[in-house]
Amino acid sequence: MTTPNEVDILLVEDNPDDLELTLHALRRENLANNVFAVRDGEEALEFLFCTGRFSGRSFDRHPRLVLLDLKLPKLNGLEVLKRVKQDPRTKSVPVVILTSSKEERDLVASYNLGVNSYIQKPVDFDQFRKTVKSAGLYWMVINQRPLSTPAQIAAAAAQP
Amino acid sequence: MEIFHKLFSSNFLPHGTCYLWDPHIVWLHVISDSVIAFSYYCIPLSLIYLVRKRRDIPFNWMFWMFGLFILGCGTTHLMEVWTVWHPTYLLSGIVKAMTAAVSIITAVALIPLLPRAIALPSPSQLKETNLQLQNQVETRMQREEELTRLSQELEQRVEERTAELASMNRSLQGEITLGIETQQALRASQARLSGVIDSAMDAIISVDQNQKILLFNAAAEKMFASNACDALGQSLDRFIPERYRSAHAQHVRRFGDTGVTARSMGSMGQLWALRGDGTEFPIEASISQTEAAGKKLFTVILRDVTERQRTEAALRESEERYRLLLDGVKDYAIYMLDPRGRVLSWNAGAERVKGYNSEEIIGQDFACFYTAQDRALGRPVQELQRAVQAGRFEEQGIRVRKDGTQFWAYKIITPMYDDAHALHGFSVVARDITERKQAEDEIRNLNQDLEQRVRERTQELEAANSELEAFTYSVSHDLRAPLRHIAGFSKMLAEECSGCLHPEGRRYLQRIQDGTNRMGMLIDDLLNLTRIGRHELTVKVSGLESLVNDVISDLRPDTEGREVEWKIGNLPFVEGDSALLKVVFQNLLSNALKYTRPRPKATIEVGTEEIAGEQVVYVRDNGVGFDMKYADKLFGVFQRLHRAEEFEGTGVGLATVQRIIQKHGGRIWAQAELDKGATFYLTLGSTKANEIDNEPILAKETV
């Protein structure tokens with residue numbers, strides 16, 4: 001686990017088993033060094049918007065990937081996604097839904113809200129590990145992000 | 001001048017000298033001659049006066065001659081006086097000569113005049129004539145008066161007569177016209193008459209006083225089956241049955257005595273006639289008599305009424321049957337009304353339905369069958385009027401029985417018309433439908449209940465549906481999660497702690513992992529199945545052949561190390577949801593592959609066949625097949641015909657296939673024999689996407 005300001009991956013997961021399995025999988029692929037886990041939707045928003053418990057955080061240090069479960073206490077994953085993607089300060093943060101649900105309506109809703117990827121957790125653990133590995137590699141290594149801070153991006157987007 | 005002088009000079013001695021101047025003689029001559037001359041001068045004057053006054057005197061020119069001649073004579077006498085003293089004898093001689101000339105002319109002229117002068121009536125004659133004339137004139141005048149009177153009378157009479165004649169003329173004119181018309185009519189009538197006699201439907205036979213046939217028309221020939229030439233001159237008896245002959249003869253005689261021109265026969269009973277072939281037939285007859293040249297002629301007009309009697313009998317029978325029928329009808333009130341709505345007839349059914357017997361009700365106004373309210377609204381009359389307007393009136397309504405109880409009646413009022421199209425009355429057919437009405441009410445209530453229940457059930461189902469959805473969501477998410485955890489942790493256990501496990505423990509761990517994988521597959525298949533149920537079809541035309549080939553290439557990994565022969569026939573283009581159709585063939589073909597696994601060479605065939613005029617697609621394999629007694633379980637969810645050790649599977653595949661085919665409006669069935677392969681047949685209905693919905697079945701049932 002890492003400090004909130006050095007987070008590469010924000011893992012939003014309420015279930016301790018899933019949390020452990022996911023962390024295990026990430027760890028196996030050496031992606032778990034800068035992983036920070038929050039346990040419900042509200043906490044996820046506080047983290048991302050630097051409020052409440054995370055008011056000390058800076059917008060300049062956003063995570064490089066958010067792994068978001070859909071079924072969450074307080075605020076569910078879709079609500080979190082909506083807030084993140086609607087706010088210019090956070091909308092460039094890649095959000096990957098990592099869920100048990102393969103429901104079409106969840107998929108459609110997620111994509112409508114601007115999710116970057118949607119991954120169903122396979123029952124088979126080997127498959128799960130492969131999936132986590134692929135997703136982590138893709139977003140953490142292959143994918144290119146702008147060098148500007150999210151604040152700069154937001155400012156540029158506000159100009160005509 | 002010399003002649004004049006000679007005239008008035010002379011050397012002669014005056015005439016007095018001859019008288020010797022004897023004064024007596026001289027004066028005698030002188031005075032006499034003077035008087036004569038004077039007289040002679042007076043006469044012409046008188047004559048001239050007369051002639052001028054009496055211009056009508058005949059031969060008046062003779063008076064002028066006389067006047068001239070007498071004037072000459074007077075002048076000669078005057079010359080005698082003159083010559084007594086003056087001896088101008090030449091002058092005197094000339095005067096005498098002129099007088100002589102005039103006198104001779106007058107004398108000559110007088111001669112031819114004499115007879116005419118003699119003919120001139122004398123005054124006495126004239127007077128007499130006058131008198132006569134007078135008389136005649138008077139007589140004439142009297143006559144004239146008489147004539148005038150007569151003439152007036154005559155004129156009067158002439159006028160009267162003229163008027164009379166004019167009117168007679170007019171009537172004559174009319175009579176003449178009438179006469180002409182009558183003649184024409186008579187001629188036409190005669191022509192018609194002979195035509196009528198010849199073409200008459202009725203037999204016309206004329207006989208004389210002795211019953212001898214004088215006229216026998218064509219209809220008679222036909223009716224009696226006898227030729228006219230055979231009948232004429234014969235006795236009428238040959239056409240009368242023997243038992244009636246004498247009576248008939250008497251009858252005709254009596255009729256002859258009555259002097260009545262014509263009358264119908266048979267007042268005493270049915271008349272019978274006899275044909276030439278001896279058969280008898282009923283007739284109707286009338287007889288007439290005429291007298292010509294002192295001989296009586298009887299003419300009989302006959303009609304064969306066999307057919308009519310038969311018809312009448314049939315009609316009577318039919319009416320009787322009809323009456324019996326009407327009386328026999330107990331459930332329907334059938335009655336007739338006159339045009340004003342009074343009851344004319346009443347059947348047993350009417351008595352049963354309405355409670356009145358026919359004696360009570362016939363002649364009564366049918367308004368008594370209505371409720372007081374309907375009567376107040378004038379409905380009985382209105383219904384009759386509407387029946388007349390529309391040709392029929394039909395309704396259900398409350399009616400009243402004799403005992404005052406009310407019942408529901410269904411009735412039809414039909415107007416009836418006579419041959420002249422005048423309203424003759426109404427027929428009414430009514431039925432007590434109280435029971436039916438109650439049944440209907442009951443059905444209506446039941447229907448309402450049912451609808452209510454359907455609504456409730458629908459709500460329940462909708463609730464269940466959304467529960468089910470929540471459930472599948474839950475299965476999809478929540479049930480998979482612990483499964484994943486079991487799988488994950490057991491995997492981690494196997495990897496990281498297998499060293500501390502007994503081999504038996506490791507086997508148990510493997511069984512846990514197999515079980516979780518299987519559970520994962522089951523959940524996925526089940527979710528697929530429910531998803532198909534909720535899936536809306538996207539129908540388009542897709543080629544089955546390329547679809548099947550795609551599926552086969554997807555299945556390639558499963559065929560590794562096996563000999564599989566694919567026989568793909570010409571497959572049609574079909575309308576359907578290609579994604580779902582692909583699921584169908586994925587299932588069917590992977591099943592075929594699975595169940596041919598024991599065969600050294602698998603043969604899998606996909607083709608079409610026509611069954612009962614319908615194009616059917618089939619998938620056939622040479623696999624292990626199945627016993628047809630389990631065919632009904634084939635498509636059930638979680639139903640399997642093989643043990644899991646033999647052939648893996650969740651028992652959801654064929655249920656999914658059936659669900660998809662049914663959603664397309666098609667059918668699927670299988671034909672197999674244990675160990676001899678299986679064939680799956682399927683049809684795709686031509687149903688369009690919008691007809692296949694989640695609700696249509698319910699919608700159709702409520703319509």
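Leaving aside neighbours within four places in sequence, L68(A) touches V12(A), G77(A), V80(A), L81(A), V95(A), V96(A), I97(A) and L98(A). The model is predicted.

L68(A) belongs to the largest nonpolar core, which has 37 residues. I9(A), L10(A), V12(A), V66(A), L67(A) and V96(A) join L68(A) as the residues with the most contacts inside this core. At least two core residues come from each of several elements of chain A, including strand 1 (9-12), strand 3 (65-68), helix 3 (77-86) and strand 4 (95-99). Helix 5 of chain A supplies the largest share, five residues. Apart from this core lies another, of 35 residues, with L588(B), I604(B), V657(B) and I660(B) among them. In soluble globular proteins, nonpolar side chains tend to be buried together.

The contact between the chains draws 16 residues from chain A and 16 residues from chain B. On the chain A side, helix 1 (16-28) and helix 5 (125-142) each give two or more residues. Helix 1 of chain A gives the most, with four residues. That side of chain A divides as follows.

| Class on the chain A side | Count |
|---|---|
| Nonpolar | four residues |
| Polar | four residues |

The model scores ipTM 0.79 and pTM 0.42. Chain B has a mean pLDDT of 83, and 96% of its residues reach 70 or more. Within chain B, confidence is highest in strand 18 (residues 678-683), at 93, and lowest in helix 19 (residues 696-702), at a mean of 34. Over residues 687-703 of chain B, pLDDT stays under 50. The model has 13 contacts beyond four places in sequence for residues 687-703 of chain B. Where pLDDT is low, the predicted coordinates should not be read in detail.

Notes. Residues numbered from 1 in each chain as written. Chains lettered and ligands numbered in written order. Predicted model: local features only at pLDDT ≥ 70, side-chain atom pairs only at ≥ 80, totals over all residues. Contact = placed C-beta atoms within 7 Å. Nonpolar A, V, L, I, M, F, W, Y, C, P; charged D, E, K, R; others polar. Core = buried A, V, L, I, M, F, W, Y, C linked by C-beta atoms within 7 Å. Buried ≥ 20, exposed ≤ 12 C-beta atoms within 10 Å, placed from the backbone. pLDDT = per-residue confidence, 0-100.
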